[in-house]
Amino acid sequence: MDKFTAYEQRMKKENLSQAAIDAFKGNYEQLVSGVTGLVPEKEIEAVLELPKLSDMKDSKMVDVKAVLSQTAVLKLNGGLGTSMGLEKAKSLLEVKDGNTFLDLIAQQIKFTRKKFDSNVRFVLMNSFSTSADTKAYLHKRHSDLISEPDVELFQNKSPKVDAKTLEPATYSEDPDMEWCPPGHGDIYPSLLGSGMLDRLIKSGIKYLFVSNSDNLGATLDLDLLAYFAQSKKAFVMEVAERTAADKKGGHLTKRKSDGRLILRESAMVPDDDKDAFEDISKHKFFNTNNLWVNLDRLKETLSQSNGTLPLPLIKNKKTVNPRDSSSTPVFQLETAMGSAIECFDDAGAVVVPRERFAPVKTCGDLFILRSDAYKITPESTIVLVKSAAPLVKLDDKHYKLVDKMEALVDAPPSLIDATSLTVKGPVKFSKGVVIKGDVTLSNDGSSPAVLEAGTYADKKVKVDEKAPVAA
């Protein structure tokens with residue numbers, strides 16, 4: 001028995017589809033063959049100009065109702081938000097005014113349907129970690145959506161690979177830990193293997209808009225939808241302009257050998273090319289993970305490549321029990337859905353405003369969203385009240401986890417007139433705190449110190465257990 005046969009048998013026993021098995025096989029073959037995935041600077045050329053959403057007025061050129069009836073919105077909902085201390089789907093976290101991410105997403109779908117009298121489809125891609133909680137919540141709050149056909153696309157799971165033997169990892173104490181998520185590149189084998197791709201196409205769906213459920217900036221933009229429909233492209237990626245804060249992250253580029261757009265991440269860069277990789281004047285754009293996919297073209301491309309898209313491998317080094325560093329070292333084999341841009345000859349990209357990329361990855365992000373710096377529109381979208389969000393840096397020791405942050409915030413402070421807020425040490429926010437300009441709050445003690453109601457403008461404030469004192 002060769003090593004892959006053991007994986008295949010294990011995956012079949014878990015009732016995983018042939019598409020999921022084939023996708024894992026492609027990843028495993030890359031691992032075994034030692035594919036480095038390095039993309040040297042000499043093999044690419046910079047992407048200098050792209051269409052901009054700000055210049056598009058394409059929705060005036062199409063029958064919006066008709067195009068919406070051919071569209072599905074898919075939200076990636078497989079994450080637990082473990083880095084923020086969550087044990088349920090991150091989308092069930094309250095964002096603002098009693099609304100969770102999932103509430104706002106559902107309300108956006110309903111608003112669009114009502115406004116245009118067009119039944120745009122809605123799909124959630126859940127994982128084995130988020131499915132039950134998410135469906136229970138929808139039954140309770142949005143029973144009309146949960147009863148619709150194909151509202152859930154179930155993410156596959158992948159076997160962890162023993163880093164030493166390259167055989168399936170085992171962990172008798174908890175066999176569930178022998179499996180891992182395959183990354184959001186799994187969307188393609190999941191669509192194919194579940195039969196949903198064929199069902200959507202058969203029901204008249206042509207256009208799929210995909211984004212992360214924790215990115216409330218990723219709304220169904222009608223100008224972008226109209227542009228995508230008229231372009232006849234197979235795949236379009238929303239990109240934003242890189243800033244100095246983004247220079248360590250990946251960028252969009254073009255491969256010289258075939259002229260195709262590709263994503264280049266930091267792990268794909270040879271050491272000698274690091275400076276060029278971080279040059280934001282040369283490599284200007286990064287992937288927002290908001291994608292537009294033509295389903296007919298996706299099916300055609302999958303058929304031509306034996307049911308799998310040849311996506312670059314992401315090899316994550318972990319231990320089989322992530323909470324036990326002494327447990328067996330493993331590889332988790334993943335792919336990214338944005339990498340599919342290189343699988344199509346006529347893929348494209350559109351530059352979008354930064355507000356379409358507003359993922360909540362930290363408690364600092366959530367802290368700002370819950371403040372008056374953002375508001376909920378009648379369309380159930382979250383928008384900045386002013387032109388720019390304040391820069392918020394919360395003490396990592398005391399505000400990293402949601403429950404710890406919430407214990408220190410009786411009510412979100414007013415940040416509408418704030419430029420920056422830095423919090424050092426455990427500071428407890430009373431109701432009625434107003435932050436203006438640039439403010440630093442500090443508490444040198446280990447116990448929380450209460451910041452009383454009041455306005456704090458352009459100052460450094462030392463907070464103790466009695467009262468805040470301007471420094």
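Which residues does UniProt list for "binding site" in the unreviewed entry, besides any treated separately below? I noted Lys-90, Gln-155, Gly-183, Asp-214 and Lys-361 from that record. UniProt positions follow the numbering used here, feature names are shortened, and annotations may be inferred rather than shown by experiment.

**Entry 1. Basis.** I worked on a predicted model, in which local features need pLDDT of at least 70 and side-chain atom pairs count only at pLDDT 80 or more, while totals for chains, interfaces and linings use all residues. Residues are numbered from 1 along each chain as its sequence is written, and side-chain values use heavy atoms, with hydrogens and water left out.

Entry 2. I located Lys-90 in the loop between E2 and strand E3 (94–96); helices (H or I, at least four residues) and strands (E, at least two) are DSSP runs, numbered from the N terminus. Lys-90 has a relative accessible area of 11% and is therefore buried. The scale is as follows: buried is under 20% relative accessible area, exposed is over 50%, and partly exposed is in between (1.4 Å probe, protein chains only). I then listed the contacts of Lys-90, a contact being heavy atoms within 4.5 Å. Leaving aside neighbours within four places in sequence, Lys-90 is in contact with Gly-79, Leu-80, Gly-81, Met-84, Phe-101, Asp-214, Val-360 and Lys-361.

Asp-214 I found in the loop between E10 and helix H9 (222–231). Its relative accessibility is 6%, so Asp-214 also counts as buried. Beyond four places in sequence, Asp-214 is in contact with Lys-90, Phe-101, Ala-358, Pro-359, Val-360 and Lys-361.

Entry 3. The unreviewed UniProt entry lists His-184 for "binding site". Is His-184 buried or partly exposed? I read a relative accessibility of 27%, and His-184 therefore counts as partly exposed. His-184 lies in the loop between strand E9 (179–180) and helix H7 (187–193). With neighbours within four places in sequence set aside, I recorded contacts of His-184 with Leu-76, Asn-289, Thr-335, Ala-336 and Met-337.

Entry 4. Seven of the seven residues of E2 are buried, so the strand is largely enclosed by the rest of the structure.

I checked the pairing of E2, where two strands pair if DSSP finds at least two bridges between them. Strand E2 (residues 71–77) pairs with E5 in the parallel sense over six bridges. Within this pair, Leu-74 stands opposite Val-123 and Asn-77 opposite Asn-126. E2 also pairs in the parallel sense with strand E10 (residues 207–212), over six bridges, and Leu-76 stands opposite Asn-212 there.

Strand E5 (residues 121–126) has six of its six residues buried, so it too is largely enclosed by the rest of the structure. I assigned Arg-121, Val-123 and Met-125 to one side of E5, and Phe-122, Leu-124 and Asn-126 to the other. E5 pairs in the parallel sense with strand E6 (residues 152–154) over three bridges, with Met-125 opposite Leu-153.

**Entry 5. Thr-288.** I placed Thr-288 in strand E14 (residues 285–294). Thr-288 counts as buried because its relative accessibility is 2%. Not counting residues up to four places away in sequence, Thr-288 touches Asn-215, Glu-238, Val-239, Ala-240, Val-352 and Phe-357. For Val-352, which is 64 residues away along the chain, I noted a C-alpha separation of 8.9 Å from Thr-288.

**Entry 6. Helices H1 and H2.** How do the axes of H1 and H2 cross, and at what angle? The axes of helix H1 (residues 3–13) and helix H2 (residues 18–33) come within 10 Å and cross at roughly 150 degrees. H1 is therefore roughly antiparallel to H2. On this scale, angles under 35 degrees count as roughly parallel, over 145 as roughly antiparallel, 65 to 115 as roughly perpendicular and the rest as oblique. Axes are lines fitted to C-alpha atoms, for helices over the stretch in contact, and angles run from 0 to 180 degrees between N-to-C directions. I recorded the residues that meet, including Phe-4, Tyr-7 and Met-11 in H1, and Ile-21, Phe-24 and Tyr-28 in H2.
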